[in-house]
Amino acid sequence: MTRLADISYLLIDMDGVLYRGDRPLPKLQEFMGFLREEPIPFMMLTNNSTKTPQQYAEKLARMGVQISLNEVLTSGQATARFLGRDHPSGTRVHVFGHDSLRQAIVEEGFVLADEDVAVVAASMDRAVTYEKLKRASLLIRGGARFVATNLDPTYPSEEGMLPGTGTLIAALATASETKPVAVGKPEPTMFELALEAMGARAETTAMLGDRVDTDLVGGRRAGCKTIGVLSGSSRRAEMEAFGPDFLFEGIAGLLDAWQAA
C-alpha cells in the first residue's frame, strides 16, 4: 500500500497546481513551508518554456514562496540538456520559440543560427508568423533534427484553455512532413533529468500534477508515485479513470493529509 509518509522526493507541476495564472492556489505558502520543514526535496517541472527559471522564481516570490533556480526544470532546459547528450558544444541550432529557450540552448554551449543548422529546437512562440514557420520547416526538410520541448495541445489560463506548444509543433510537423522528438512531460527524458539532478530514486519519488496526459502518465512511466489535484486541467472523471496513487481537490487537501500522515 502506498503511503504519503513513504514519499521522500517530490516532482511538482506549477500552473494548475501551485497557482492558476497569476493567482496562488489555497495554502500555497503553507504547503511549500511543509516541504521545507520535513524536509522533502523537490523539483518543479514545467512544460512551459516561455519563461526562465529566474522568472519562475520571481513569480513565486511575488506569491510569498522562495525557491532556488536549481529547483526548477523547464522543458526548454530539458531540451538543451537532452541535445547535449548527442551533439557537441558549438553545434548550430535554430530556435523556433521564445528568448527563454534561446537562453537555455546557449547555456548548454550551442550556437544559435538560422542556416546550416544540425537541429531545430521548437516550442511555443506567441509571436509566430508565416515566415518563422517557413524557415523552420525548410531547415527540417533540409535534414536538421526536429526536437520539440513538448507536445501539449493546450494550456490552462485565467481565460480558459489556450492553444499550446503542440498546436505549433503540429503545424511544423505538417509543413515539414517530419515527426519531432519530444522531450517534456510525459516523455521519460524530463523525469530522468530531474531525478538525476536531485539524486533521487523513482520508487521513493512522487509526481504532483493537475494534468493526466502529461504529469501523471509521465510520472507513472518513470516509475514514480502519482498525486493528482483537481485545481487545473484534468477533471475528476479523467483523474479517476487514470487512478493516481492519491487524488485531492488541491494542494490544501494534500497538505492536510500529508501532515496527518
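A polar contact is a pair of N or O atoms within 3.5 Å; within protein, one must be able to donate a hydrogen and the other to accept it, and residues adjacent in sequence count only if both atoms are side-chain atoms. This is a predicted model, in which local features need pLDDT of at least 70, side-chain atom pairs count only at pLDDT 80 or more, and totals for chains, interfaces and linings use all residues. Residues are numbered from 1 along each chain as its sequence is written, and side-chain values use heavy atoms, with hydrogens and water left out.

**View 1. Arg145 and its polar partners.** Arg145 sits in strand 9 (residues 145-148). Helices (H or I, at least four residues) and strands (E, at least two) are DSSP runs, numbered from the N terminus. The side chain of Arg145 makes a polar contact of 3.2 Å with the side chain of Asp86. Another polar contact, of 3.0 Å, links the side chains of Arg145 and His87. Contact in general means heavy atoms within 4.5 Å. Setting aside residues up to four places away in sequence, Arg145 touches Phe82, Leu83, Asp86, His87, Ala118, Val119 and Val120. Arg145 counts as partly exposed because its relative accessibility is 24%. The cut-offs are under 20% relative accessible area for buried and over 50% for exposed, with partly exposed in between (1.4 Å probe, protein chains only). From Arg145 to Val93 the C-alpha distance is 9.3 Å, across 52 residues of sequence.

**View 2. His94 in strand 6.** Strand 6 (residues 92-96) holds His94. Is His94 buried or exposed? At 3% relative accessibility, His94 is buried. Its side chain reaches the backbone oxygen of Ala113 at 3.2 Å. Beyond neighbours within four places in sequence, the contacts of His94 include Asp114, Val117, Arg135 and Leu139.

**View 3. The Ser231 loop.** Ser231 lies between strand 14 (225-229) and helix 9 (236-242), in a loop. At 8% relative accessibility, Ser231 counts as buried.

View 4. Helix 7 covers residues 188-198. Its buried residues are Thr189, Met190, Phe191, Leu193, Ala194, Leu195 and Met198. An α-helix has 3.6 residues a turn, so residues three or four places apart point the same way. Which elements do the buried residues of helix 7 pack against? The strands are strand 1 (9-12), strand 4 (42-46), strand 5 (72-74) and strand 13 (205-209). The helices are helix 3 (75-86) and helix 8 (212-221). Just after helix 7, Gly199 takes a positive phi of about 70 degrees.

**View 5. Tyr9 in strand 1.** Tyr9 belongs to strand 1. Tyr9 and Ala206 are 197 residues apart in sequence, yet their C-alpha atoms are 6.5 Å apart in space.

View 6. Most residues other than glycine have a negative phi, and most peptide bonds are trans. The bond from Glu38 to Pro39 is cis, with omega near -10 degrees. Pro39 is in the loop between helix 1 (28-37) and strand 4. Lys185 and Pro186 are also joined by a cis peptide bond, with omega about 10 degrees. Pro186 lies in the loop between strand 12 (181-182) and helix 7. Asp116 has a positive phi, near 50 degrees. Asp116 is in the loop between strand 7 (111-112) and strand 8 (119-122), and counts as exposed at 65% relative accessibility. Glu177 has a positive phi too, near 55 degrees. The loop between helix 6 (165-176) and strand 12 holds Glu177, which is exposed at 65% relative accessibility.
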